[in-house]
2 protein chains.
Amino acid sequence: MSIQDEFSFINQIKPTTVHHEKTLITGIGDDAAVYIPSPNQSQIICTDTLVEEIHFTSQTMSPFQIGYKALAVNISDIAAMGGNPLYYLVSIAIPSSWSEQDLIEIYAGMSELANSHRVDLIGGDTVSSKDSLMITVTVIGETEEGRQLLRSHAKSGDVVFVTGTIGDSSAGLELLLSKGRHGTFNSNEDFLIKRHQYPNPQVKIGRFLSKLKRVSLNDISDGLASESNELAEASQVTITLNANLIPLSKELVSCDSEGAIEKALFGGEDFELVGTMSMDEWESIQQDGRLQNLIKIGTVSSGKPEVLLQLENELITLEKKGYNHFKK
Amino acid sequence: MSIQDEFSFINQIKPTTVHHEKTLITGIGDDAAVYIPSPNQSQIICTDTLVEEIHFTSQTMSPFQIGYKALAVNISDIAAMGGNPLYYLVSIAIPSSWSEQDLIEIYAGMSELANSHRVDLIGGDTVSSKDSLMITVTVIGETEEGRQLLRSHAKSGDVVFVTGTIGDSSAGLELLLSKGRHGTFNSNEDFLIKRHQYPNPQVKIGRFLSKLKRVSLNDISDGLASESNELAEASQVTITLNANLIPLSKELVSCDSEGAIEKALFGGEDFELVGTMSMDEWESIQQDGRLQNLIKIGTVSSGKPEVLLQLENELITLEKKGYNHFKK
């Protein structure tokens with residue numbers, strides 16, 4: 001890396017505009033950031049790390065995409081709580097093999113997504129790494145007091161829903177691993193790759209869901225099987241998914257019709273939301289046109305905390321065998 | 001590492017007691033943590049990363065000490081804003097060479113310091129690393145609205161102070177690098193080593209300072225020279241330090257009388273505080289016995305933003321050449 005000075009680098013990545021000017025007292029440039037919380041709002045906070053060679057490689061992601069995704073996965077966690085993201089901090093450990101231009105691209109990728117969600121970069125840390133690049137993003141958001149959407153909110157009789165097609169990201173990753181990101185792809189493949197490289201955090205739907213009476217919610221980072229199991233465990237209910245109802249994109253089916261359902265269940269990194277709400281609420285939003293992009297994929301019943309999958313005429317138990325870093 | 005499952009590991013390090021039970025809605029175990037901020041308080045947030053082979057090695061720090069220090073350096077940033085630390089999140093990237101017992105020790109080290117400051121672990125991320133262990137801690141604190149102690153608050157006529165002896169940590173590190181942490185040390189050396197391994201965040205003094213009229217403040221992570229320069233730059237003032245007034249521990253002088261002042265100026269990682277306040281305020285707290293452990297080391301004057309050091313009969317310019325990761 002050609003960076004001469006941590007301080008000059010920080011000046012380069014310091015944002016030039018502030019979205020939350022009235023409440024942000026101090027951003028980058030002091031020991032810590034200071035902001036004034038909005039009245040009657042709970043604070044939501046999460047942190048996620050991406051590590052080179054574990055979560056991405058130079059073959060699968062450009063520096064811009066790494067930055068974009070590192071922020072996206074965290075904003076997705078805020079969305080899964082029904083929250084509105086406001087601020088973020090970035091800790092980055094940089095090996096000498098990365099150029100200054102690469103680093104600026106990483107921050108440009110974060111900045112693009114940050115601007116579209118009106119999220120301000122307010123702090124972080126920049127350190128050296130011996131080997132791999134590692135990027136840890138922390139996002140702070142808010143939601144109305146008592147309105148957070150927990151995994152434990154599911155009840156017997158609920159409808160299980162997702163917010164979009166599942167399995168695309170996993171198929172995109174497979175393509176990237178086989179051909180590299182500079183390979184030649186048809187338009188279906190290109191769609192799947194973009195789904196892997198540019199996850200779209202579902203903040204708008206999360207905010208809509210936070211206005212409903214009772215919603216359990218999780219974002220799909222580790223595959224539908226794993227995330228559904230987390231809902232079942234946290235709520236102590238049985239979740240039954242119907243394989244025929246799980247939404248698969250035409251692009252996924254066209255590229256990999258046989259493997260599509262497995263990718264949806266175990267692939268991960270789709271960053272759509274999976275959740276539950278009461279049948280009454282479901283019917284009400286269906287009737288009044290507020291259904292948005294929600295797709296019903298199953299039901300909740302009382303019973304032992306597990307996830308069952310209706311697959312043709314078979315009912316199988318769906319293990320929590322999604323993406324688990326230690327098992328990779 | 002012998003960890004079979006990320007989920008079971010998280011269960012092991014999940015805190016069993018909660019210090020902020022009334023305001024913490026959701027800690028570890030959902031997509032994000034949720035808490036209710038205290039009325040009329042600003043939120044303070046910071047994040048710092050420690051990387052194996054860069055910030056510590058197995059020769060200099062035990063797993064317990066690594067955890068303790070990773071949290072301490074962040075609580076110190078909250079202290080440097082005059083804040084009260086409340087919550088923390090931990091992202092850790094773990095190479096396979098680390099045992100599960102080592103990891104549990106890291107969290108035990110954090111937990112010990114967290115309990116003494118009544119800070120709750122509320123979230124984080126656990127990922128694999130190819131090579132080095134990396135640990136990123138994020139701490140959230142609060143301070144009364146408008147009371148944060150910024151670096152930009154210094155004014156001409158101010159007294160410059162520190163909260164304790166400087167240079168000890170750097171001397172301790174030197175000893176550790178030469179003999180290793182299992183070496184034999186005399187009691188003076190042992191004091192210096194502890195100062196390196198167990199930094200003591202000055203939250204109590206930071207809180208006291210936040211009640212005064214106007215205080216500029218910085219924590220000493222990168223050496224007194226670098227931190228004083230940050231105050232001078234942020235406040236656009238000249239800071240003059242008197243070398244004879246810089247407090248050196250008897251242990252440091254006894255181990256390294258010649259190198260002591262250089263360690264104090266450029267060594268770093270003392271995690272004492274350096275700041276300024278008006279002469280009037282200084283005299284007032286001195287008279288009414290509220291001086292606490294503050295030690296006067298210099299004065300602030302108008303002029304170009306720089307730091308001068310009065311050294312015997314010489315006045316030299318003190319460059320910002322403290323600990324800078326990229327220059328190491």
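This is a predicted model: local features need pLDDT of at least 70, side-chain atom pairs count only at pLDDT 80 or more; totals for chains, interfaces and linings use all residues.
Residues are numbered from 1 along each chain as its sequence is written, chains are lettered from A and ligands numbered from 1 in the order in which they are written, and side-chain values use heavy atoms, with hydrogens and water left out.

Next I looked up the domains of chain A, whose bounds come from an automatic or database domain assignment: domain 1 covers 6–144 and domain 2 covers 151–317. Their C-alpha centres lie 26 Å apart, and the contact (heavy atoms within 4.5 Å) takes 26 residues from domain 1 of chain A and 22 residues from domain 2 of chain A.

I then read the area buried between these two domains, which is about 2,000 Å², with carbon and sulfur atoms giving 55%; buried area is the accessible area (1.4 Å probe) that two parts lose on being put together, summed over both. Of the area that domain 1 of chain A buries against domain 2 of chain A, Gln59(A), Thr60(A) and Lys69(A) supply 26%, more than any other three residues.

For charged pairs I used the salt-bridge rule, a side-chain nitrogen of Lys or Arg within 4 Å of a carboxyl oxygen of Asp or Glu, and it finds two across the interface of domain 1 and domain 2 of chain A. I also noted that the side chains of Arg207(A) and Glu144(A) meet in a salt bridge at 2.9 Å, N to O.

I turned to the two chains, where the contact takes 67 residues from chain B and 67 residues from chain A. The area buried between chain B and chain A is about 5,500 Å², of which carbon and sulfur atoms give 61%. Four salt bridges are found across this interface, and I noted that Asp31(A) forms a salt bridge with Arg151(B), the closest N and O atoms being 3.1 Å apart. On the side of chain B that touches chain A, strand β3 (residues 41–51) of chain B gives the most, with 10 residues.

Last, I checked a backbone angle: Glu269(A) has a positive phi of about 65° although it is not a glycine. I located Glu269(A) in the loop between α9 (260–266) and β10 (273–277) of chain A, and Glu269(A) counts as buried because its relative accessibility is 11%. In chain B, Glu269(B) has a positive phi of about 65° although it is not a glycine, and I found Glu269(B) in the loop between α9 (260–266) and β10 (273–277) of chain B.

Key: Helices (H or I, at least four residues) and strands (E, at least two) are DSSP runs, numbered from the N terminus. Buried means under 20% relative accessible area, exposed over 50%, partly exposed in between (1.4 Å probe, protein chains only).
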